[in-house]
Amino acid sequence: MSHVRKMFPGAVTYQGFFSYYNYIIEPNAQHIYVIKGGPGVGKSTFMKKIGDAMQQFGYDLEYHCCSSDNNSIDGLVIPKLGVALLDGTAPHIVDPKNPGAVDEIINLGEYWNEDMMRKSKQEIMDSNYQISRYFKSAYFALSEAKIALVEWGFYTEACQNWSVIDQMLLRVERELFKMTPVGHGEERHLFAWAHTPQGKTQFIDSLLNGISTLYTLQGDPGSGKSTFLSQIAARAHAYGLFVEIYHNTLDPTQIDLVIIPEIETALVITSEPYSYSPAFKGKITELDFNQSLNQTLLGRYEEDIDDCRRRVNQHIQRALKNSKQAKQVHDLMETYYIPAMDFAAIDQKRISVLQQILSMPEQAIAVTKITGNQV
């Protein structure tokens, strides 16, 4: 049975829109379709329908979800074929690196009625301006949340027994890395969470397929969880293992989740402000970073920490509110595009692309027979 993994290639963060688009598909991809076109032209639907069809044929898929609307996708990857379909419009601009040979542009703008579009020119420009301002407001709100989170961590750090954390790190490293190092491994960077119009959103359970052991990291901000994950990821890389690193949607310099497929292990932060309760049937090992805090000293900062917690959540909610308002304007803007689209022609294009993708395994077999090499 096929499996669908879901993640976010980009996120609304305190630094603005942050993209890991370059990690959606590996550099040696067999074929990349870059889909261009405005809102409402059917880019996400185009990809989803191809995904539905490929799933029927038993292929595992990756849906790279849109942080501006988690009902839409920015990308579809078919790992077994090395094929990706990517949204190539702002803010996630994708420029073909190997035009013709690997990368192919699909311009859905070819299927709209320009005369109808021109009638809504001012409305579209006004909508784009409003959307830009809503996202700017969301970035301001997340900057305030980041400040409060850093202050919260400031109080926690002073109360942590770091030697206990170092010992826990050494113990986990001994449990995980029992092989002989084989060189430097590869890394992939994405987001597991996003601030979407629907709220704080994650699909972590979908990412744990094939994982047998899950470490959950619990503890207050500043207690050492993200640094712990960074060190585990660095050690896995040094052992020559492939590592998926999922960054924090508020601060992309922080890490929320590390997956090491070759040893069937993942480590994930489960604490606020992005609390996660895994629906995981494998072995779970809980790592409590609050156990080694000096509770007497921490009590001196109780009021300050409570204020930080309140401000973090308040400003994240402000950001989510602005994301929701941006989505509402975006939905309105789609109504100017939809009537001008020739969706029947787009369906025909989608069918031809699907047929091309389905023929790729046969082409690979043919090349193998001719050259005698595995492709």
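Biologist: What should I know before I start?

Modeller: The model is predicted, so local features need pLDDT of at least 70, side-chain atom pairs count only at pLDDT 80 or more, and totals for chains, interfaces and linings use all residues. Residues are numbered from 1 along each chain as its sequence is written, and side-chain values use heavy atoms, with hydrogens and water left out.

Biologist: How many helices and strands does the protein chain have?

Modeller: Helices (H or I, at least four residues) and strands (E, at least two) are DSSP runs, numbered from the N terminus. Here there are nine helices and 16 strands.

Biologist: How much of the chain is buried?

Modeller: Buried means under 20% relative accessible area, exposed over 50%, and partly exposed in between, with a 1.4 Å probe and protein chains only. Of the 375 residues, 51% count as buried.

Biologist: Now methionine 341: where does it sit, and is it buried or exposed?

Modeller: Methionine 341 lies in the loop between α8 (302-337) and α9 (343-371). It counts as buried because its relative accessibility is 9%.

Biologist: Which residues does methionine 341 touch?

Modeller: A contact means heavy atoms within 4.5 Å. Leaving out residues up to four places away in sequence, methionine 341 touches Gly40, Val41, Leu108, Tyr111, Trp112 and Ile346. Its C-alpha is also 8.9 Å from that of glycine 42, 299 residues apart along the chain.

Biologist: And contacts over the whole chain?

Modeller: Among contacts with a separation of 6 or more, 80% join residues 24 or more positions apart.
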